[in-house]
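Try each task before you read its solution.

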Amino acid sequence: MLGRLADRMLATVAPKAEASAANCSYRWYVCYCSRGVIYRKKCMYGCSGVPDHCYSCTASGAC
């Protein structure tokens with residue numbers, strides 16, 4: 001009986017953990033546009049177990 005209760009509790013928690021992990025990814029942010037070139041940086045915020053961080057701005061296309 002205790003095993004079944006633990007399985008049910010885990011089943012209610014597991015989908016939430018998977019959903020939050022799916023949202024944990026890098027996102028691109030525009031830094032600026034200069035001479036027709038757009039500069040962006042890759043950032044990650046709000047992921048459990050991973051500190052918030054961004055990389056430097058780099059050229060990534062035309063404005």
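Predicted model: local features only at pLDDT ≥ 70, side-chain atom pairs only at ≥ 80, totals over all residues.

**Exercise 1.** Find how many aromatic pairs the structure holds, and classify the pair of Tyr29 and Tyr45.

*Solution.* The count is three aromatic pairs. For Tyr29 and Tyr45, take the ring centres, which are 6.1 Å apart, and then the planes, which stand at 70°. An angle over 60 degrees counts as edge-to-face, so this pair of Tyr29 and Tyr45 is edge-to-face.

Tyr29 belongs to strand S1 (residues 27–34), while Tyr45 is in the loop between S2 and strand S3 (53–54), so the pair ties together parts that are 16 residues apart in sequence. Finish with accessibility: Tyr29 is partly exposed at 35%, and Tyr45 is partly exposed at 46%.

Now go back to the two residues of Exercise 1. The ring centres of Tyr32 and Tyr39 are 4.7 Å apart and their planes meet at 20°, so this pair is stacked.

**Exercise 2.** Which ring does the charged end of Lys42 sit over?

*Solution.* Look from the charged end of Lys42 to the ring of Tyr26: the charge sits over that ring, 4.6 Å from its centre.

**Exercise 3.** Describe the surroundings of Val37.

*Solution.* First locate the residue: Val37 is in strand S2, which covers residues 37–44. The relative accessible area of Val37 is 27%, which makes it partly exposed. Now list its contacts, leaving out residues up to four places away in sequence: Val37 touches Tyr32, Ala59, Gly61 and Cys63.

**Exercise 4.** Summarise the chain as a whole.

*Solution.* Begin with the elements: one helix and four strands, arranged along the sequence as α-β-β-β-β. Turn to burial: of the 63 residues, 6% are buried. The accessible surface is about 5,200 Å², with 59% belonging to carbon and sulfur atoms. Finally, among contacts with a separation of 6 or more, residues 24 or more positions apart account for 18%.

Key
Residues numbered from 1 in each chain as written. Heavy atoms only, no water. Helix = DSSP H or I, 4+ residues; strand = E, 2+ residues; numbered from the N terminus. Buried < 20%, exposed > 50% of the residue type's maximum accessible area, 1.4 Å probe, protein only. Contact = heavy atoms within 4.5 Å. Phe/Tyr/Trp six-rings, centres within 6.5 Å; stacked < 30°, edge-to-face > 60°. Lys NZ or Arg CZ within 6 Å of the ring centre and 35° of its normal. Areas by Shrake-Rupley, 256 points an atom, 1.4 Å probe, with all protein chains shown as cover.
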